[in-house]
Structures are given as C-alpha cells and as structure tokens.
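Please look through the sequence and the model shown here before reading the notes that follow, which are grouped by topic and can be checked residue by residue.

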Amino acid sequence: MNDRPSDRAARSAAVREDLAANRIETAVEQARSLLADYRDDLRCHLLWSEILAVQGRHAEAVTYCEALLDQWPDNPWLLARLVSAHMANGDPGAAIALYRTRVEDSSLPNEDKNRIARNLAAANRRSPEARDILERRLSAAPDDPALLRDIASARLALGHVEEALEAFSRSATLSPLPGWAAMLHLNALIQHRRFSNLVPVADPEVLAILKDALTRFPGDAVFVRVFSQLPMARTEWAELYRLIRANFDSPDPNAMLRFEVAKACLQASDFADARRILEALDPESHWGKVSRPLLTVLTTIPDATWKRTRLSDDPAAEVQVVRTPGASMTVLVFATLTGNFMMLPIACIDALLADLPVHVIYLRDTVFGSALTGLRSLGPDITATLTGLRRIIADLDGGELVTVGASVSGLAAIRYGARLGAGRVVTFGALTTVDPEFQGTPARLQRTLRWMQQQPGAREAERFGDVVTELAQAPAMRVDLHVGGACELDLQQAHRLAGNPQIRVHREAGVDHHYVALSTIARGSFSAAVAGGVA
C-alpha cells in the first residue's frame with residue numbers, strides 16, 4: 001500500500017473535483033480505490049460519506065458514520081458529519097440527541113463544539129432547541145463571529161428580529177459578514193424598520209450596509225434587487241446606481257444580475273441599456289421568461305414615448321401629483337409592492353397617461369407596500385391617509401375619480417376607491433384578498449403578511465374589511481379586473497368575486513403571467529382602459 005500523505009491528498013482532491021463536476025461514477029470508483037488503500041484513514045471514510053450524501057443515500061450515510069464511531073468515538077469531524085447526515089435524513093431529533101450525548105459535555109475543544117453546533121443549526125434554523133444550543137455555546141465563546149452569525153440567523157428564522165440584529169451587528173464588528181449573512185442582516189434591519197413604522201426605512205445604517213454589500217459582492221444580484229426595491233432619496237439612489245453600473249461591467253454577469261440591473265436602468269431612464277441587457281438573456285431560461293413581458297414593452301414602445309413623462313420621480317416620495325389644465329378626471333395610481341408598477345417605473349406610467357385630460361396622483365408606500373395599512377407621510381393609519389387623500393383630491397377638483405392598481409396594489413385601488421367615492425377602479429392582475437390562508441395568495445406575500453400580523457399592536461391596528469364588504473359600501477362603483485387569460489393566479493383571484501354585479505373581468509388572450517399590465521401596455525390598450533374605453 002502506498003502510504004505517502006501526498007498520494008492520499010492528491011487522490012482525495014481528484015475525487016472532490018469529480019464530485020464538483022458531477023462525474024459521480026468516476027468519483028465513486030476513485031473513492032472505493034482510495035478506501036481500499038487507506039482503510040485506517042478517517043478522512044477517506046468521511047469522503048465516502050460525502051459521496052453517499054451526494055447520491056441522496058442519507059440513511060446509508062447515517063449507518064456508515066455510526067459504525068465509524070466504534071473506531072473514532074470522539075473525533076469532532078466524524079461527529080459533525082454524522083450530525084449533517086441525520087439532518088439530511090430528515091431526523092433533527094437524532095442530530096440533537098447526538099450533540100447532547102457526545103458533544104455538549106465532552107472534553108472536545110470549544111472550537112470543535114462550536115463548529116458541530118453550527119452544523120446542527122444550519123439545517124434546522126426554525127428549531128428553538130437548535131437555537132438554544134447555539135446560545136449556550138455563545139456563553140463559552142462570546143466573540144466567535146461565525147457563531148454569532150448563526151445565532152443571528154436562527155433568531156431571525158424564529159421571528160426574534162431585534163435580537164437577531166444585535167447578533168449580526170456584534171458579528172460584523174468582529175469580522176466582515178459573508179454574503180449570505182450580510183443579506184439576512186440587511187433584510188432584518190429593513191423589516192424591523194418597516195414593521196416598527198420607522199421612517200425613512202432607508203436610514204443611514206441601512207444605506208451603509210447596502211453600499212458595503214454592493215462593493216464587496218458586486219456579482220450578487222440579491223443586493224441589486226434590494227437596491228431596486230428600497231425607497232431612498234435621489235442623491236443616494238444615484239450614488240448606488242453608479243456603483244452598480246461600474247460593477248456590472250465585470251465579465252460575464254449572471255442572468256439574475258442582468259435582470260436586476262436592467263430594472264435599475266429603467267428607473268434611471270437608461271432605456272437602451274435596459275433593453276440591451278435583457279436581450280442578452282437566453283429567452284428560454286428562467287430569467288429570460290420572467291423578463292419577457294418587460295422586454296416586450298421595451299421593444300414595442302418607442303423610447304420617445306417615455307420622454308413624454310411629466311413626473312420627475314422621487315423614489316422616496318409617497319405622494320406625487322401631476323396636474324393637467326382642464327382635467328376632467330382624477331386618477332389615483334397605486335404603485336406595486338416594489339415601488340414601481342409591475343417592473344415599470346411610475347414615470348413610465350405617467351408618460352402613457354400624458355395624452356389623457358386627467359390629473360394623476362401617484363402613491364408609493366415606502367414603509368410596507370401598497371398602502372395596506374395607510375401611508376405614513378399622510379398619517380399614522382388608514383383613516384388619516386384617507387383624510388389626506390380627500391384633501392388632495394378636493395384641491396385638484398378634477399371630476400370623476402378613478403383608482404388604478406396592479407397585483408396587490410389592485411386590492412388597494414379597490415379598497416381606497418370604495419372609501420374615497422371613486423366612480424371606477426381599473427386593476428391589472430389584482431389580488432382580491434391577501435388572506436395568508438388563501439391558496440391564491442403568493443407564497444412570499446403570505447410569509448410577509450403572517451410576520452406582519454405577529455407584530456406588537458397588529459390586532460389593534462386599523463384595517464380594511466374584505467373586498468366584498470368594501471364594495472358593498474360603494475354600490476355605484478364599477479371595477480374593471482384585467483387578468484391574464486391563461487394566468488392561474490389572476491383567474492383564482494378574480495373568481496372570488498364571480499357574480500358580483502360591480503365587477504367586470506377582462507381576460508387578456510394569450511397572457512399566461514401575472515404581468516398583464518405590461519401586456520396591455522405593449523398592446524396599446526392601457527391608457528384606454530384607464531380612460532374607460534374598454535368595453
């Protein structure tokens with residue numbers, strides 16, 4: 001037998017290369033040969049357990065590692081591997097029991113105990129018991145940045161946002177957060193500020209963390225997505241946009257990054273660049289399909305159309321008004337959850353409405369989204385928001401009131417329209433409920449709403465009634481629901497109001513996605529729908 005360490009290391013590295021390249025059969029053959037030559041080397045056995053895991057043979061991996069304990073009962077690397085094997089096998093209880101009996105009170109060094117505890121919690125974030133194990137380890141190693149990161153993640157998963165923020169901050173002080181932890185830290189801080197009604201959401205701390213992440217992780221699209229969704233002042237927005245564009249020039253950006261940068265380009269009115277970036281996506285890829293409705297708009301509508309906008313959009317503004325001399329109608333446009341209108345900047349919506357004799361009020365909820373709980377710049381709750389909007393509408397004195405929204409902002413358009421005395425509501429892919437239990441509510445929105453409902457004071461907070469209840473208070477109001485004719489989400493939501501005489505459903509033929517607003521824009525019928533020209 002060749003017992004040179006360099007031989008074992010080289011052959012082990014070759015197996016890992018095969019695994020990384022998905023050459024599983026070759027890796028298995030090489031690993032068997034390695035085990036035959038080095039039966040007494042635990043590292044070779046651990047490598048074999050990795051192969052079992054890659055093959056999805058998790059129960060076998062558990063049995064294999066348990067047998068190894070007879071020869072290596074206190075080896076921290078074997079214990080860590082067995083913890084992972086139990087978790088992968090869907091048995092967190094066995095993983096926790098293993099930690100309790102063989103690790104927690106053992107003579108293993110704290111460094112090893114910390115690593116095994118982190119291994120246990122990594123795949124079991126929502127377990128209070130796993131979180132408690134990490135917390136106990138922290139008492140022995142209060143300045144371990146990796147342990148603090150994992151504790152922060154576990155706290156966040158269990159809904160303890162403020163405690164998670166404290167641990168993230170301590171970890172970041174000791175060592176820069178890796179990308180995944182920086183993302184969780186940023187999201188936790190944003191959610192904390194939103195659910196605490198702290199304005200602005202994008203305070204100096206949030207902006208500093210985002211800028212640092214965009215600088216250290218230039219190829220990570222999730223930070224560009226946060227940038228696009230975060231309401232911030234124009235000067236701050238422009239600074240971060242320049243940073244994103246400079247980083248984007250790096251070779252071969254990934255598809256998600258292309259998509260997110262393209263949306264940022266639109267907000268900056270760089271239409272040609274947005275179009276060029278989206279056209280480079282494989283049309284049959286995931287991001288190619290997601291971006292197709294937006295790209296169709298950009299290739300159908302001439303760039304000159306967008307220059308007709310009268311709105312110099314302030315991304316941090318909740319209320320912006322465009323006055324039109326001689327207007328015979330006032331249109332109240334609710335931005336969607338990310339502050340735009342189904343991926344299109346609201347300045348572009350204004351360009352489309354520029355030919356209509358209408359005043360336009362653009363509303364963007366910078367705290368939560370789509371004014372479900374009101375707009376903080378108009379007051380602390382829904383009643384104050386309605387009072388502020390009535391004042392603005394009366395000052396415009398622009399005739400019939402029409403409210404417009406898409407997706408969840410379509411729900412806001414219906415609810416506010418009913419209470420403000422609108423004659424019509426025009427929606428595109430509107431949600432008709434945001435009940436977390438309704439199967440037609442998007443999963444991400446369900447999670448956000450459930451979290452929102454768990455916040456202190458949520459039960460006492462003012463809220464709207466069900467859509468049917470709100471509609472009953474405005475029997476003369478008509479609601480036009482434009483839906484994707486082949487979009488299951490749109491059709492599910494519209495079906496809830498089937499038979500209601502106030503509702504008219506307009507099915508856009510051939511539209512199988514939720515961005516029906518973009519399809520009506522590309523087909524040239526959006527402005528007519530708002531003006532009331534759709535029969």
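Met 343 is found in the loop between E2 and H19, and in this predicted model its phi is near 80°, a positive value in a residue other than glycine. Met 343 counts as buried because its relative accessible area is 6%, and buried means under 20%. The points below begin with the strands around this loop and then turn to other parts of the chain.

**How E3 is covered**

- Strand E3 (residues 358–363) is mostly covered, with 6 of its 6 residues buried.
- In a regular strand the side chains alternate between the two faces of the sheet.

**The loop between H11 and H12**

- Pro 200 is placed in the loop between helix H11 (179–195) and helix H12 (204–216), and a cis peptide bond, with omega about 0°, joins Val 199 to Pro 200.
- Asn 197 also has its place in the loop between H11 and H12, and although Asn 197 is not a glycine, its phi is positive, at about 55°.
- With a relative accessible area of 39%, Asn 197 is partly exposed.

**Aromatic rings**

- A search of the whole structure finds 9 aromatic pairs, and one of them is formed by Tyr 416 and Phe 464, whose ring centres are 5.0 Å apart and whose planes meet at 65°, so that the pair is edge-to-face.
- Tyr 416 lies in helix H21 (residues 408–420), whereas Phe 464 lies in the loop between helix H22 (443–453) and helix H23 (467–472), so the pair ties together parts that are 48 residues apart in sequence.
- Both Tyr 416 and Phe 464 are buried.
- Elsewhere, ring pairs link Phe 227, Trp 237 and Tyr 241 into a cluster.
- Arg 115 lies over the face of Trp 77, at 3.7 Å from the ring centre.

**Cysteines**

- The structure holds 0 disulfides; for Cys 44, the closest cysteine sulfur is that of Cys 65, and at 14 Å it is too far for a bond, since a disulfide needs the two sulfur atoms within 2.5 Å.
- Cys 265 is likewise in no disulfide, as the nearest cysteine sulfur, in Cys 348, is 12 Å away.
- Cys 44 is buried, with a relative accessible area of 2%, and Cys 265 counts as buried at 0%.

**An annotated stretch**

- Over residues 145–178 the chain is 79% helix and 0% strand, and the C-alpha atoms at the ends are 11 Å apart.

Definitions and conventions:
Residues are numbered from 1 along each chain as its sequence is written. This is a predicted model: local features need pLDDT of at least 70, side-chain atom pairs count only at pLDDT 80 or more; totals for chains, interfaces and linings use all residues. Side-chain values use heavy atoms; hydrogens and water are left out. Buried means under 20% relative accessible area, exposed over 50%, partly exposed in between (1.4 Å probe, protein chains only). Rings of Phe, Tyr and Trp (its six-membered ring) pair if their centres lie within 6.5 Å; planes under 30 degrees apart count as stacked, over 60 as edge-to-face and the rest as tilted. Helices (H or I, at least four residues) and strands (E, at least two) are DSSP runs, numbered from the N terminus. A charge sits over a ring if NZ of Lys or CZ of Arg is within 6 Å of the ring centre and within 35 degrees of the ring normal.
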